[in-house]
Amino acid sequence: MKVYLIRHAHAVDEDGLLRDEQRYLSARGRRAAREVGHVLRQAQVQVDAILTSPLVRAVQTAELLADMLDFTDVIEVLPALVPGVPPRLVATELAVRGAAVAVIGHEPSISSLGALLVGIPAFPPMRPAQVSLIEDGRPQWFIHPETLAKERLLVGV
């Protein structure tokens, strides 16, 4: 199974009028999501399912990536992807979604999910719009959101 862990792209800051769960992607975040999606398309990434946190910035990231990947199925909102929910609740949902699943979430939850999937105590923190591939429980590569380079995913044990 391939799991593409994706942290939502850069969002506007929280302010007095806008609560955290209402934060939406900034122009920079929208551009980064499209650029990373383009790199995934060039790498011929195909997914069976896209799961996202219900928070606005994650849903918007999922929609932009789905568009870039020509993914036309339903993007599924998974409430267990909100910040603070134990990653094991998300992990149990993955296997029934297909052989290749994209998961869009938040820090530190998305890297905690990575640690659980790889079976290590900690996973490298993910930058906004970063994609990390875990295949059959092994770290493979990540896409650096600023340089768009695909690099080997190194994790400590």
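Leu-5 sits across from Ser-132, which belongs to β5. Strands here, like helices, are DSSP runs numbered from the N terminus (E, at least two residues, for strands; H or I, at least four, for helices). This is a predicted model, where local features need pLDDT of at least 70, side-chain atom pairs count only at pLDDT 80 or more, and totals for chains, interfaces and linings use all residues. Residues are numbered from 1 along each chain as its sequence is written, and side-chain values use heavy atoms, with hydrogens and water left out.

**The sheet**
- Seven strands make an open sheet with mixed pairing, in the order β3-β2-β4-β1-β5-β6-β7; two strands pair if DSSP finds at least two bridges between them.
- At the edges are β3 (75–77) and β7 (150–152), each pairing on one side only.
- From one strand to the next, the twist averages 25°.

**Around β5 and β6**
- Five bridges link β1 and β5, which pair in the antiparallel sense.
- β5 also pairs antiparallel with β6, again over five bridges, and there Ser-132 has Phe-142 of β6 as its bridge partner.
- The hairpin of β5 and β6 has two residues between the strands, and Asp-136 takes a positive phi near 50° in it.
- Four of the five residues of β5 are buried, so the strand is mostly covered (buried is under 20% relative accessible area, exposed over 50%, partly exposed in between, with a 1.4 Å probe and protein chains only).
- β6 (residues 138–143) and β7 run antiparallel, joined by three bridges; Trp-141 is partnered there with Arg-152 of β7.

**Helices on the sheet**
- Helix α1 (residues 27–42) packs on the sheet, touching β5 (131–135) and β6, and its direction makes about 125° with that of β6.
- Contact means heavy atoms within 4.5 Å, and angles run from 0 to 180 degrees between N-to-C directions of lines fitted to C-alpha atoms, for helices over the stretch in contact.

**Two residues in the β1–α1 loop**
- His-8 lies in the loop between β1 and α1, and counts as buried because its relative accessibility is 6%.
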